[in-house]
Protein chains: 2
Amino acid sequence: MSFELTILGSSSALPTSKRFTTAHLLNINERFFLIDCGEGVQIQLRKYHLSPAKINHIFISHMHGDHLFGLFGLLSSLGMMGRKADLNIYGPEKMEEMMSSHLNYFGPLPFSLIYHVPEHGKLIYEDSKIEVEAIDLLHRTQTFGYIFREKKKLLNIKKSKIEKYGIGVEDVVKIKKGDDYVSDDGKLISNSELTMKPWHSRSYAFISDSAFRASIADKVRGVDLLYHEATFLEKDRKLAKQTLHSTAKQAAEIAKRAAVDKLLIGHFSTRYKSDQLFMDEAMEVFENTVSVSDGDQFSIPLKRED
Amino acid sequence: MSFELTILGSSSALPTSKRFTTAHLLNINERFFLIDCGEGVQIQLRKYHLSPAKINHIFISHMHGDHLFGLFGLLSSLGMMGRKADLNIYGPEKMEEMMSSHLNYFGPLPFSLIYHVPEHGKLIYEDSKIEVEAIDLLHRTQTFGYIFREKKKLLNIKKSKIEKYGIGVEDVVKIKKGDDYVSDDGKLISNSELTMKPWHSRSYAFISDSAFRASIADKVRGVDLLYHEATFLEKDRKLAKQTLHSTAKQAAEIAKRAAVDKLLIGHFSTRYKSDQLFMDEAMEVFENTVSVSDGDQFSIPLKRED
């Protein structure tokens, strides 16, 4: 029952000797979501012992090279490794046309690419346990943030009570949804006696790249883990505004307004000497902030709802 | 007066946790030639403290992703770093069309790309000191090898003789080309008394990817350093033939026939467990063989001609 984020690349536009460009891998119960795909993502996956073959869904925030150029090598290698299963790509309108043009020279692939274009505030992915909402960001090209949430979970029934009252399978299903139970001898057993609170539904929001938009806070309200880009420091707030990026303080303001549990910041411009400058600025506003580095992993443990 | 090759990527089609895909950087007296451009080449350049900005010439062997996908990130980063100078790209016919299609989505760049299509046996690059010859290889798409040679160097005049006979600048130039000298008192001084043998003209040949072709040996005859791909072992010679690649033994046979000084082998298929298998096979035929790894550097020192 894992919910684990791995940072595959944490640099801004230019990679450094220690940081690849943006890519995150989110593992929700062995369902793997690749979020952005900077150059060398296939190398990073190998370095951190993560299997490229398990990825069926790739979410692209926007079509700038530092968030995307790893896609060409990754898809090509998946093809050489014999992949046959469809691969879903979520991203801007032009993705399909661009990839099709690229594959004119380097394709075809032995598997199908299925493209999905996000709509603000709509679910772009859904299965029985997980849903992903896309939101518009404010950058120099069409850009999306993605919010990954486990769906609301059912109540957990106490095993001891099943045995005690001899509850059948059909009734178990009803009780997990909140029903009370009538025992064989006609006694009403309240749901609260039979069940424990459900497991908390975990969530992760990925916001990169974007100028500060207060409305993002409404969208990511209460998520467990928020990644928000922090390209600049406050002293370069003008530059952030011009290039439609955020400062560390602005990222922290979003986290505070949204009352998230933990904030991750990254995508630091290489003009600054130390990550600590970003941390100092962000933590003044939102204390539970972590600056991300390649290879970092963040797990959200299972816990009962309050 | 350096002549130094750095291996930036040494894997075959799939990168591994230790090897990036093919890319070599050749530094001839601070003139930097990038040869093939596998994914992540800009990251490798940084890792090995080599400046991407100094590269003015990029030679591409063929349009397979593992030799090329690093070009997108490299060019994009050079643009962000403010490059204005033209960049020359040498490679297959389709390079220009492919790049132009790519830059429709990710360009434009703030500098010009100048394309050069190789012709077998012709010089594709030439300056006052260096020449580069392109040769056809035999692979599944149009593929070229490149031979980098310092031009024949002039005789070195002994400083003591210039002083002794008071030789003027114009005469120095003539003597370096082989002329004798007539001193102020009419005495003929033979060239051999005035000069030392010139410095040896150094050379490097890059052969990747290709099936075994005996004619390659004629083309690379006598080079100091030959890199020849060795994707397979002899036990998979059939597979090498089918995929138009070479075995370690075949690479060594080319080196032996061509009487090169040193052979470098790489591009090993990831199906084999140890590099030593390739070395054992090659060294039976050609002893001075080295298997390359990312970060390896090979310098050819200056020495006098025999």
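Q: Where in chain B is Ser190(B) found?
A: In this predicted model, Ser190(B) sits in the loop that runs between β12 (188-189) and α6 (191-194) of chain B.

Q: What makes Ser190(B) count as buried or exposed?
A: The count of other C-beta atoms within 10 Å is 9 for Ser190(B). A residue is exposed if that count is 12 or fewer, so Ser190(B) is exposed. Its C-alpha atom and that of Leu263(B), 73 residues apart along the chain, are separated by 40 Å.

Q: Why is Val223(A) called buried?
A: Val223(A) has 23 other C-beta atoms within 10 Å. The cut-off for buried is 20 or more, so Val223(A) is buried. Val223(A) belongs to the loop between α7 (214-219) and β15 (225-229) of chain A.

Q: Which residues are in contact with Val223(A), leaving aside its neighbours within four places in sequence?
A: They are Ile147(A), Ser203(A), Tyr204(A), Ala205(A) and Val260(A). Ile147(A) is 76 residues from Val223(A) along the chain, yet their C-alpha atoms are separated by 8.5 Å. Contact is judged on C-beta atoms placed from the backbone, with a limit of 7 Å.

Q: What fraction of chain A counts as buried?
A: Of its 306 residues, 45% count as buried. Chain A has 10 helices and 18 strands, and its C-alpha atoms fill a box of roughly 75 × 50 × 35 Å along the principal axes. Among contacts between residues at least 6 apart in sequence, 63% join residues at least 24 apart.

Q: What makes β7 and β17 of chain A edge strands?
A: The open sheet has 7 strands in the order β7-β8-β9-β14-β15-β16-β17 (chain A), with mixed pairing. Each of β7 (123-126) and β17 pairs on one side only, and these are the edge strands. From one strand to the next the twist averages 15 degrees.

Q: How do you know that β9 and β14 of chain A pair, and in which sense?
A: Pairing needs at least two bridges. Strand β9 (residues 144-150) and strand β14 (residues 203-207) of chain A share 4 bridges, in the antiparallel sense. Tyr146(A) stands opposite Phe206(A) in β14(A).

Q: Which helices pack on strands of this sheet, and at what angles?
A: α9(A) touches β15, β16 and β17 of chain A, and its direction makes about 150 degrees with that of β15(A). α10(A) lies across β16 and β17 of chain A, at about 165 degrees to β17(A).

Q: Why are the buried residues of α10(A) said to be on the same side?
A: The buried residues of helix α10 (residues 275-285) of chain A are Phe278(A), Glu281(A) and Ala282(A). They cover an arc of only 90 degrees around the axis, so they are on the same side of α10(A). An α-helix has 3.6 residues a turn, so residues three or four places apart point the same way. The buried residues of α10(A) pack against α9 (248-258), β16 (262-266) and β17 (289-291) of chain A.

Q: What sets Glu30(A) and His267(A) apart by phi?
A: Most residues other than glycine have a negative phi. Glu30(A) has phi near 65 degrees, a positive value, and phi of His267(A) is also near 65 degrees. Glu30(A) is in the loop between β2 (23-28) and β3 (31-35) of chain A, whereas His267(A) is in the loop between β16 and α10 of chain A.

Q: Are Glu30(A) and His267(A) buried or exposed?
A: Glu30(A) has 8 C-beta neighbours inside 10 Å and counts as exposed. His267(A) has 27 other C-beta atoms within 10 Å and is buried.

Q: Which peptide bond joins Gly107(B) and Pro108(B), cis or trans?
A: The bond is cis, with omega about -5 degrees. Pro108(B) lies in the loop between α3 and β6 (113-116) of chain B. In chain A, the bond from Ser208(A) to Asp209(A) is cis, with omega near -15 degrees.

How values were computed:
Residues are numbered from 1 along each chain as its sequence is written. Chains are lettered from A and ligands numbered from 1 in the order in which they are written. This is a predicted model: local features need pLDDT of at least 70, side-chain atom pairs count only at pLDDT 80 or more; totals for chains, interfaces and linings use all residues. Helices (H or I, at least four residues) and strands (E, at least two) are DSSP runs, numbered from the N terminus. Two residues are in contact if their C-beta atoms, placed from the backbone, lie within 7 Å. The arc is that of the directions from the helix axis to the C-beta atoms. Axes are lines fitted to C-alpha atoms, for helices over the stretch in contact, and angles run from 0 to 180 degrees between N-to-C directions.
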